[in-house]
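Here is a short report on salt bridges, a surface patch and a cavity. Please keep the structure open while reading.

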Amino acid sequence: MASPKSRCSSFATTSRTHMRTSGWTIDDSFLTETKNTQNRKLSQKRKTLSCQFSSGDQLSPWPTYTSGQTILHNRKPCSYDYRKRAGWLKQPLGITKPRYLERLENYLRKELLLLDLSTDSTQELRLQPYREIFEFFIEDFKTYKPLLSSIKNAYEVMLAHQREKIRALEPLKAKLVTVNEDCNERILAMRAEERYEISMLKREKMNLLKLIDKKNEEKISLQSEVSKLRKNLAEEYLRYLSERDARKILTADLNELRYQREDMSLAQSPGIWGEDPVKLTLALKMARQDLTRTQMELNTMKANFGDVVPRRDFEMQEKTNKELQEQLDSLRGDYEEVCKEHEILLQLHMTTLRERDQFHSELQEIQRTSTPRPDWSKCEDVVAGGPDRWQMLAEGKNSDQLVDVLLEEIGEGLLREKDFFPALGYGEDIPPLLRFDGLVENKKPSKKDVVNLLKDAWKLRLVEEQKEKFPDFFFSFLEHRFGPGEAMAWAYTIFENIKLFRSNEVMSQFYAVLMGKRSESVYIKQKETVAQLLKEMTNADSQNEGLITMENLSTVLKSTFPFKKEEKIQELMEAGGWHPNSSNADLINYPSLFIEVPTSDEEGQSMPFVQKLWEQYVDEKDEYLQELKQELGLELRDEVTLPKVREALMNIDPGLDKQTLNGYLSRAFQVPRTELPEEGEEKEDGIVVQLKIALERLQMTDIRRMGSREQEPAS
């Protein structure tokens with residue numbers, strides 16, 4: 001028959017074991033209640049044990065010595081006590097442990113074996129057996145009871161103090177984790193900004209290098225032109241020298257002919273023979289003297305002015321030389337500026353190299369300490385559908401997207417297992433259509449059913465007047481579709497599905513609009529853009545066969561999106577089926593660009609052409625807002641006024657009309673359009689908002705460029 005002590009201990013042990021196996025979390029109130037219960041049981045055990053141990057058991061001086069054990073005391077070998085004890089130890093060793101000690105040890109061993117010391121929830125209870133044993137000692141040793149009680153109380157106070165200190169440090173641990181995550185995010189943001197600055201500097205460096213090459217080419221061209229002009233000048237000089245010699249020869253020939261003609265005229269004229277020969281001889285002599293003098297003067301003139309050019313040629317050459325000298329001075333100044341810029345670029349290049357080396361070392365350190373890339377092939381045997389389905393899900397996705405896919409697969413299984421959802425209550429941060437208390441039934445629809453339901457809701461939303469807010473409209477849609485009694489269950493079912501399957505286009509866009517993270521005008525404008533593009537392609541199809549040429553596709557894209565860059569148009573054409581080997585006469589089935597890709601368990605995703613349209617819209621919106629931030633020249637934490645935002649928007653997008661501009665300002669500053677001040681009437685200290693909040697609000701709405709930055713502002 002079991003003793004009262006064993007029954008009490010088994011009851012306490014059974015209760016603790018049941019608590020461990022059921023996975024309950026032991027908090028302070030539960031520990032207090034458990035401790036009070038165990039104190040009551042301990043008093044009963046103490047009475048039972050006192051009855052058992054007082055009935056015939058006497059306290060023994062053991063363990064002075066026991067069988068198989070010897071307790072060594074700190075005694076001096078030469079002392080009297082030591083010799084006395086050494087003689088006493090020669091006594092027979094047949095005395096066993098007292099039954100009171102054995103029962104206490106057995107009770108302690110049994111209690112410790114029943115405790116699961118591997119879990120944190122029983123660490124508080126593991127001291128309870130020792131407390132009970134100590135209480136037994138305190139009750140049985142009346143003489144030492146005050147001392148032992150004070151010792152026990154001191155330890156209890158210290159344990160309570162340590163528990164309070166641990167409880168106080170728990171929030172600090174959570175706060176430390178949060179601060180660590182914030183710091184990591186800031187570091188990543190700073191690195192992204194530095195990478196962007198490095199790319200901008202590299203781009204500027206390439207532009208400057210191209211400018212240097214252009215200036216060098218101009219310098220070489222001017223040098224070649226100068227050398228050509230020098231060559232032409234030398235040729236002109238030689239031509240003038242040849243002309244001078246020819247003139248000398250021609251003058252001599254003319255003089256000779258003139259002399260011959262005079263001689264012939266004298267010979268033919270009969271009146272001359274009648275003149276005085278002396279007179280003629282004297283006249284001839286004087287003529288020859290004049291000729292000699294004239295010849296000498298002519299030679300002197302030729303000798304003095306032989307190298308002289310005409311004034312007109314001289315002035316022309318002087319003007320050309322002056323222009324060349326001015327060009328040379330300008331080129332020399334440009335060259336010096338280019339040299340200075342080259343020196344600056346070299347310094348920037350060296351700085352960039354040092355930063356690159358630093359970033360490279362940091363990258364190597366991060367790669368060394370970072371988590372290795374996962375082996376995604378291990379998921380083939382875990383995901384439903386086997387390797388074929390996993391290959392289909394993982395095609396063209398990065399690690400982050402694969403994690404989302406894996407979470408969706410795991411979440412889908414867990415979602416199927418749930419029969420009810422716990423309601424979120426009536427808090428202000430809860431969407432209106434989810435405000436409910438209690439349990440809500442899980443309708444467990446397929447993904448295809450959810451997508452079809454969301455499409456029906458969008459169709460109804462597009463055709464009716466948008467008077468009520470989107471969450472209220474959707475709840476009214478569910479009430480009309482399933483009845484008022486089932487509307488809340490379907491609302492929670494749809495909410496849990498669209499929150500889980502973020503990779504599905506329809507679900508992710510619906511979730512963003514439903515939770516207020518994106519304006520429904522973004523979805524509506526995107527649908528209108530796709531419909532307009534399909535209409536333009538249909539108009540270009542003169543044969544009405546569903547086929548257009550690549551040239552027609554390019555023309556339609558450029559007319560529909562006049563402000564897209566050429567590379568963006570090229571990306572859309574590649575998504576539509578164009579490749580470098582295609583010709584402009586190749587035909588494309590344009591209706592197939594707008595259909596959905598069918599899959600086995602859900603409505604298909606959009607074709608790559610429509611997906612590329614959406615990706616370009618998101619990228620262009622981000623570039624537009626980043627350009628707005630750069631134009632403002634402020635940090636995200638700085639405050640900005642309405643006039644500055646108006647001016648910045650007009651600077652980066654002069655094609656904005658007044659209505660669209662007021663719509664952007666109304667969204668950014670959360671002010672109705674009718675209350676917006678007119679341009680020129682704003683006050684500098686008027687409407688103010690933090691730049692980060694304004695950009696986030698503009699990110700939610702449909703914002704896009706209305707014209708190129710170079711064009712004149714719209715009136």
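Buried means under 20% relative accessible area, exposed means over 50%, and partly exposed lies in between. The model discussed here is predicted.

**Salt bridges**

Start with aspartate 329. Its relative accessibility is 40%, so aspartate 329 counts as partly exposed. Aspartate 329 pairs with arginine 332 in a salt bridge. Arginine 332 has 39% relative accessibility and therefore also falls in the partly exposed class. Both residues sit in helix H8 (residues 311–369), and because they are 3 residues apart, about one helical turn separates them.

Side chains of opposite charge can pair when their charged atoms come close. The count of salt bridges comes to 22. Three of them are set out below.

| Salt bridge | Closest N and O atoms |
|---|---|
| Aspartate 329 – arginine 332 | 3.1 Å |
| Arginine 461 – glutamate 520 | 2.8 Å |
| Glutamate 627 – arginine 705 | 2.7 Å |

What does the salt bridge between arginine 461 and glutamate 520 look like? The closest N and O atoms of arginine 461 and glutamate 520 are 2.8 Å apart.

Glutamate 627 and arginine 705 form another salt bridge, with 2.7 Å between the closest N and O atoms. Here too, distant parts of the chain are linked: the two residues are 78 residues apart. Glutamate 627 lies in helix H18 (residues 608–632). Arginine 705 lies in the segment after helix H21 (691–700). Arginine 705 has a relative accessible area of 25%, so it is partly exposed.

Salt bridges also join into a network. Glu139, Lys142 and Lys145 are linked in this way.

**A nonpolar surface patch**

Which residues form a nonpolar patch on the surface? They are Tyr144, Leu147, Ile151 and Tyr155. Together they have about 460 Å² of accessible area. Isoleucine 151 is placed in helix H6 (residues 145–268). Its relative accessibility is 34%, so isoleucine 151 is classed as partly exposed.

An unreviewed UniProt entry carries the annotation "coiled-coil region" for residues 198–232 and 284–341. In the model, residues 198–232 are 100% helix and 0% strand.

**Cavities**

How many cavities of 30 Å³ or more does the structure hold? There are 2. The second largest cavity has about 50 Å³ of space. Its lining is made up of Glu412, Leu415, Arg416, Asn442, Lys444, Pro445, Asn497 and Phe501. Helix H10 (residues 399–417) gives the most to this lining, with 3 residues.

**Arginine 481**

Arginine 481 is found in helix H12 (residues 470–482). With a relative accessible area of 40%, arginine 481 is therefore partly exposed. Leucine 453 is 28 residues from arginine 481 in sequence. In space, the two are 9.6 Å apart, C-alpha to C-alpha.

Terms used:
Residues are numbered from 1 along each chain as its sequence is written. This is a predicted model: local features need pLDDT of at least 70, side-chain atom pairs count only at pLDDT 80 or more; totals for chains, interfaces and linings use all residues. Side-chain values use heavy atoms; hydrogens and water are left out. Patches are made of residues with over 30% relative accessible area and no salt bridge: like charges are joined within 9 Å, nonpolar side chains (Val, Leu, Ile, Met, Phe, Trp, Tyr) within 5 Å. Accessible areas come from the Shrake-Rupley method with a 1.4 Å probe; for residues, only the protein chains shown count as cover. A salt bridge is a side-chain nitrogen of Lys or Arg within 4 Å of a carboxyl oxygen of Asp or Glu. Helices (H or I, at least four residues) and strands (E, at least two) are DSSP runs, numbered from the N terminus. Buried means under 20% relative accessible area, exposed over 50%, partly exposed in between (1.4 Å probe, protein chains only). UniProt positions are given in the numbering used here, feature names are shortened, and annotations may be inferred rather than shown by experiment. On a 1 Å grid over the protein atoms alone, a cavity is a set of points where a 1.4 Å probe fits but cannot get out, and a pocket is an open set with protein on both sides within 12 Å along at least five of seven lines; lining residues have an atom within 4 Å of a point. Grid points are joined across faces, edges and corners, and a volume is the space filled by probe spheres set on the points.
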